[in-house]
Amino acid sequence: MTELPLIGGAPVAVEPQLSGAKIGVVTFPGTLDDRDAARAVRMAGGTAVALWHADTHLADVDAVVIPGGFSYGDYLRAGAISRFAPLMSRIIDAANSDAKLPVLGICNGFQILTESHLLPGSMIKNDHLKFLCRDQVLRVENNTTFWTSDYEAGQEITVPLKNQDGQYIADEKTLDALEAEDRVVFRYVGWNPNGSRRDIAGISNAAGNVVGLMPHPEHAVEPGFGPESNAGTDGLGFFTSVLNKIVGGTQ
Amino acid sequence: MPRIVVDVMPKPEILDPQGKAIVGALPRLGFTSFSAVRQGKRFELTVDGEVTDAILAQAREAAETLLSNPVIEDVVNVEVVEA
């Protein structure tokens, strides 16, 4: 089923062969953005599959999105309890396997991926201690990951940012390694909104199949809802990137 | 019922934004003798029966795997408190 935007025409010409690609969207107790993430998958032309945290199998999906929200109320630490959900064990195994399951963690999903050790470092409270919601400019530093191949290297995109625990931290050795291995995928442009080390907004694993970021591309997939300076569809490339990768990989 | 107390603190090299906010609020209440505050977490694990070495080992493992994140936090104390 292809999703139509509420305003105007389809933001991209949907390619029929992409609908064969199934992207799972995981819901935990307290997840907020699963419906938007599923809608983003459909807007990009793919098929969204709802996954529940207590599931013990991955339903043959070709990729997984772990959306934002406040899973388990952020109790203990953001993402800490979700990391031990039955489905997360399957996702961790599949992401680390030779099949290299593509996994995207957005906001709370990024926090879950660091708690799972699929991505290094961690997030702590914003340096200014406030919840922040704004349109945020990001620079795509690496367009060779599974989730960023439809962007130009160095391209600047604007997507919403909304969080309280968004300050990315890691020790200097880890940060140096991330830079050296081209694993800083997104950096904040203009202003660092939370004190993240080296303006890092998103990173990937070594293979490039696992990507996590704090801002929300799934909220920027259809025209008419973004800032005036921009069409509001800058986030769509995440989803078309992975769909093209999946379809290309199976042909 | 005995309890196992686990104390977790942010790593010393990591700026603790909450502690920083608290140290800013103290002088406003007239508490002027404190130059820094760091905020941690205390967990109390209740045990039905005696705390054996095996149970204490389990508590230490839980402290390292779930109760703390070694990237940002240290387990600074694990001790048995008799009720």
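How many helices and strands are there in chain B? In this predicted model, chain B contains 2 helices and 3 strands. Followed along the sequence, these elements of chain B are arranged in the pattern β-α-β-α-β. Strand 1 (residues 3-10) and strand 2 (residues 41-46) of chain B run antiparallel and are joined by 6 bridges. Within strand 2 of chain B, Lys41(B) is the residue that stands opposite Val8(B). Strand 2 of chain B is hardly covered, since the count of buried residues among its 6 residues is 0.

The overall dimensions of chain B were also computed. A compact globule of 83 residues would have a radius of gyration near 12 Å, whereas the value for chain B is 16 Å. The C-alpha trace of chain B spans about 45 × 30 × 15 Å along its principal axes. Buried residues account for 17% of the 83 residues of chain B. Of the contacts in chain B that link residues at least 6 apart in sequence, 73% are between residues at least 24 apart.

Chain A comprises 5 helices and 11 strands. For its 251 residues, a compact globule would have a radius of gyration near 18 Å, and the 16 Å found for chain A agrees with this expectation. The C-alpha atoms of chain A occupy a box of roughly 45 × 45 × 35 Å along the principal axes. Of the 251 residues in chain A, 56% are buried. Among contacts in chain A with a separation of 6 or more, 75% involve residues 24 or more positions apart.

Lys22(A) stands opposite Thr47(A), a residue of strand 2 of chain A.

The packing of nonpolar residues was examined next. In soluble globular proteins, nonpolar side chains tend to be buried together. The largest nonpolar core in the model has 73 residues, of which Val25(A), Val41(A), Val64(A) and Val103(A) touch the most other members. Helix 5 (residues 236-250) of chain A supplies the largest share of this core, with 6 residues. A second, separate core holds 7 residues, including Val6(B), Ala59(B), Leu67(B) and Val78(B). When neighbours within four places in sequence are left aside, the contacts of Val25(A) are Asp34(A), Ala37(A), Ala38(A), Val41(A), Ala48(A), Ala50(A), Leu51(A), Val65(A) and Pro67(A).

Helix 3 of chain A is mostly covered, with 8 of its 8 residues buried. These buried residues are Asn108(A), Gly109(A), Phe110(A), Gln111(A), Ile112(A), Leu113(A), Thr114(A) and Glu115(A). Their cover includes strand 3 (63-66), strand 4, strand 5 and strand 11 (210-213) of chain A.

Cys107(A) lies in the loop between strand 4 (103-106) and helix 3 (108-115) of chain A. Although Cys107(A) is not a glycine, its phi is positive, at about 60 degrees. Cys107(A) counts as buried because it has 29 C-beta neighbours inside 10 Å, the cut-off for this class being 20 or more. His117(A), which is likewise not a glycine, has a positive phi of about 65 degrees. This residue, His117(A), is placed in the loop between helix 3 and strand 5 (122-124) of chain A. Because His117(A) has 13 C-beta neighbours inside 10 Å, it counts as partly exposed.

The interface between the chains was considered last. At this interface, 8 residues of chain B are in contact with 11 residues of chain A. The side of chain B that touches chain A receives its greatest contribution from helix 1 (residues 17-25) of chain B, which gives 3 residues. By residue class, the side of chain B that touches chain A consists of 6 nonpolar, 2 polar and no charged residues.

Technical notes
Residues are numbered from 1 along each chain as its sequence is written. Chains are lettered from A and ligands numbered from 1 in the order in which they are written. This is a predicted model: local features need pLDDT of at least 70, side-chain atom pairs count only at pLDDT 80 or more; totals for chains, interfaces and linings use all residues. A nonpolar core is a set of buried Ala, Val, Leu, Ile, Met, Phe, Trp, Tyr and Cys residues joined through C-beta atoms within 7 Å. A residue is buried if 20 or more other C-beta atoms lie within 10 Å of its own, exposed if 12 or fewer, and partly exposed in between; C-beta atoms are placed from the backbone. Helices (H or I, at least four residues) and strands (E, at least two) are DSSP runs, numbered from the N terminus. Two residues are in contact if their C-beta atoms, placed from the backbone, lie within 7 Å. Ala, Val, Leu, Ile, Met, Phe, Trp, Tyr, Cys and Pro count as nonpolar, Asp, Glu, Lys and Arg as charged, and the others, Gly among them, as polar. The radius of gyration is taken over C-alpha atoms; the globule rule is 2.2 Å times the number of residues to the power 0.38. Two strands pair if DSSP finds at least two bridges between them.
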